[in-house]
Amino acid sequence: MTEARAANLTVGELEANYHLYCKALRILVREGKSLVKIQRTVCWDRLETIFHCYPSRYKSPDYLYVLLKREYGDLPNNGSLGNSGSPAPST
């Protein structure tokens, strides 16, 4: 997400809609979209922004993607988790 687009939203607005961005990511993964296509979506940009603002409170979109892929049976349970390595937030 470019800084110009991100400037239109406050962190509070991003946090208030976090569950919607996670839901959108879940739908995209369930539909079988590729990671490259998902990374070009608004929900991915918003999840990245939230993660960069509060990395100790929210998980990276990469980590959430891996969890969702595993949930839908596309990855083994011991698959790579990227750099985060911690459990996803409960929503």
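## Helix packing, step by step

Analyst: Happy to! Let's start with helix 6, where P61, Y63, L64, Y65, V66, L68 and K69 are buried. Please keep in mind that this is a predicted model.

User: What covers the buried residues of helix 6?
Analyst: The buried residues in question include P61, L64 and L68. Their cover includes helix 3, helix 4 and helix 5.

User: What separates the C-alpha atoms of L67 and R26?
Analyst: Along the chain, L67 and R26 are 41 residues apart.

User: Zooming out, what is the order of elements in the chain?
Analyst: The chain has 6 helices and 0 strands. Read from the N terminus, the order is α-α-α-α-α-α.

User: How do helix 3 and helix 5 lie to each other: roughly parallel, roughly antiparallel, roughly perpendicular or oblique?
Analyst: Helix 3 covers residues 18–30 and helix 5 covers residues 42–53, and their axes are 9 Å apart. The packing angle is about 135 degrees. Over 145 would count as roughly antiparallel and 65 to 115 as roughly perpendicular. The two helices, helix 3 and helix 5, are therefore oblique.

User: How many charged residues are in the contact of helix 3 with helix 5?
Analyst: On the helix 3 side we find Y18, Y21, C22, A24, L25 and L28, and they meet C43, W44, R46, L47 and I50 of helix 5. These residues divide into 10 nonpolar and no polar, and the number of charged ones is 1.

User: What is the handedness of the crossing where helix 3 passes helix 6?
Analyst: Helix 3 and helix 6 (residues 61–71) pack at about 50 degrees, with axes 10 Å apart. That angle makes helix 3 oblique to helix 6. The crossing of helix 3 past helix 6 is right-handed.

User: And how many charged residues are in the contact of helix 3 with helix 6?
Analyst: Helix 3 contributes Y18, C22, L25, R26 and V29, while helix 6 brings P61, L64, Y65, L68, K69 and E71. The contact has 8 nonpolar residues and no polar ones, and its charged residues number 3.

User: How many nonpolar residues are in the contact of helix 5 with helix 6?
Analyst: Helix 5 and helix 6 pack at about 120 degrees, with their axes 9 Å apart, and are therefore oblique to each other. The contact brings together W44, L47, E48 and F51 of helix 5 and P61, D62, L64 and Y65 of helix 6. It has no polar residues and 2 charged ones, and the nonpolar count is 6.

User: Which backbone oxygen does the side chain of T41 reach?
Analyst: T41 lies in the loop between helix 4 (35–39) and helix 5. Because its relative accessibility is 19%, T41 counts as buried. At 2.6 Å, the T41 side chain reaches the backbone oxygen of I38.

Technical notes:
Residues numbered from 1 in each chain as written. Predicted model: local features only at pLDDT ≥ 70, side-chain atom pairs only at ≥ 80, totals over all residues. Heavy atoms only, no water. Axes fitted to C-alpha atoms, helices over the stretch in contact; angles between N-to-C directions. Helix = DSSP H or I, 4+ residues; strand = E, 2+ residues; numbered from the N terminus. Parallel < 35°, antiparallel > 145°, perpendicular 65-115°, else oblique. Contact = heavy atoms within 4.5 Å. Nonpolar A, V, L, I, M, F, W, Y, C, P; charged D, E, K, R; others polar. Left-handed = near helix turned anticlockwise from the far one by under 90°. Buried < 20%, exposed > 50% of the residue type's maximum accessible area, 1.4 Å probe, protein only. Polar contact = N/O pair within 3.5 Å; in protein donor to acceptor, adjacent residues only side chain to side chain.
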